[in-house]
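Here's a quick tour of one protein model. Have the sequence and the structure open while you read.

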Amino acid sequence: GTYQFRLTVTDNAGAIGTDEVSIVVKPAVAGGGGGGTGSGKTLKFDSYNNAYYPNGTGLDWKPGDTIYIPAGTYGLIDLGNIRGTAAQPIIITNRGGQVVLNQVRFNNKMENFKFLGNGTPGVQYGFKIDQKTEEISFAATTVSNMEVAFVEVNKGAVGMMIKKNPVAGDASTQYGAYTIRNIKVHHCYIHDTKTEGMYIGSTTPSGTAAGIPIRLENVEVSFNKLDRTGWDGIQMSSTLGSNSIHDNVVTNFGTLNYPAQQTGIAIGSAATGDIYNNTITNGTGWGINCMGFGTLKVYNNNIDGAGKNGSAKGAEGIYADDRIAGPENFPKQQMIVTGNTIRNPQPKGAIRVGAYTNNSLPATVSNNRIYLPNAPSNWLTLYIVSNALGSILSNNVLIFQ
C-alpha cells in the first residue's frame, strides 16, 4: 500500500518545521532477478577469517540469492563453481558498513553473479580490498556474467586482474576451452598499485610455451577512478565481441616509468573496443594506446600531461599501432580518433596512428583540440600524424585555454 510519514520538529524557540514523505510498497515480482525470489544468506568465514570455497563445496546458494557480508575486517574470499542465472544472478554485498578484505578470488566457472559494495546507504565503497602483501588484490579467472562495482582497492601487485593464463598440459586452460563473457566493472576506486590498476585479458594472445590463452568477450569498464598505478591504469587485451572503456578517471599512471608498461588506458593486441569520455591526467606513458583489430573508436576523451617519461620527446597522448596476433584471422585495424582534447602533449606528438605493420585501413583523425603553448607554425604536421594510407585528417585545431 501507500504510507504517509510526517516528521515535525520544534526547536527551543518554539519554531515548528514539518516535512512529509510517501512510501509506496509494491508486492514482490516473481522471477524479477536481483535476488527477488531468492533468499538472504550470510557468508561464513572460518577461524582464520577466510571464506575459502573454491569449488563451492558447503554452500547452498541458489539463483536469486543475496549473500551478505557483515561490516568488519576479513582475510581472503575465494569462491568458485557457483552459478546464478541471467534472470536471477547471485548477489554478494556488504551489510551494516564497510567490509575490509585482504584479497578476493573468483574462479572455476563461477557465473551469473554480482559483487556489489552498495549494500549500506552512505558507504560509497562497501568493499575495500586493503592488500597487506604484494599479491593480486582482486582476481577472476574462469568466470562469466560477472558485475563488480563499488569496490575500493588499495595497493597490491595488481588492483584487478580478470584473465586465465594457460597451464601446460591442462586442456581446460587453453584457447577455445572457455570464454570469459559479459564482464562489467564500474564505480570502483583503485589506487597505489605496484603494477597495473586493471589487467583484463592476456597480453600474449599468440601464446607462450604453456599454450594460447583463453579469450574474453563483451567487457565494459566504466565510471572507475584509478590513481597512482605503478604501471598501466587500465589494460585490456584478448577481448573479442563488443567492448568499451568509458567515463573513467585515470590519474598519475605509470609512476615507476617502466617502458611499455605505463599507459593510461590501453587496448592491446587481439582486442577490439571503444574508448570514450575518459579523463586521463599526468602519466609517464601514452595517454591512450590502441594495438587491436577492427574499427577502434577513440572519442571525447580529455588527456592532460601524458607521456612525461623523462626523455627529450616523451610519448604521444594517443598512439595506435596495428599489431598482428593469432591464431585468429582478425580484420585490419581502422582508427577513428575524434573529438578528443589533448593538453600539453610531449614533442613526440598529440595523436599518432603508426600503421607500422601495414595492417591498417585508412584512419579518420578529426575535430580534436590541442592545447599547446608556444606552438610552432607547423604544429599540425608534427603533432597529428597518421601513417595509414588514405587517412583523413581534418578540423584538428589549437585551443588557447
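What follows covers confidence, the sheet and a surface patch.

This is a predicted model, in which local features need pLDDT of at least 70, side-chain atom pairs count only at pLDDT 80 or more, and totals for chains, interfaces and linings use all residues. Residues are numbered from 1 along each chain as its sequence is written, and side-chain values use heavy atoms, with hydrogens and water left out.

Confidence first: pLDDT is the predictor's confidence in each residue, from 0 to 100. Its mean for the protein is 94, and 96% of the residues reach 70 or more. Over residues 28–36, though, pLDDT is below 50, and that stretch has 20 contacts beyond near neighbours in sequence (contact means heavy atoms within 4.5 Å).

Now the sheet. Strands here are DSSP runs of E, at least two residues, numbered from the N terminus, and two of them pair if DSSP finds at least two bridges between them. An open sheet with parallel pairing is built from 12 strands, in the order β4-β6-β8-β11-β14-β17-β20-β24-β27-β30-β33-β36. β4 and β36 stand at the edges with a single partner strand each, so one side of each has no neighbour in the sheet. Between β20 and β24, which run parallel, there are 3 bridges, and Met236 stands opposite Ile267 in β24.

| Strand | Residues |
|---|---|
| β4 | 51–53 |
| β20 | 234–236 |
| β24 | 265–267 |
| β36 | 384–386 |

Elsewhere, β1 (2–10) and β2 (16–24) each supply at least two residues of a nonpolar patch. Phe5, one of the patch residues, lies in β1.

Key: Helix = DSSP H or I, 4+ residues; strand = E, 2+ residues; numbered from the N terminus. Patch = residues over 30% accessible without salt bridge, like charges linked within 9 Å, V, L, I, M, F, W, Y side chains within 5 Å. Areas by Shrake-Rupley, 256 points an atom, 1.4 Å probe, with all protein chains shown as cover. Salt bridge = Lys/Arg side-chain N within 4 Å of Asp/Glu carboxyl O.
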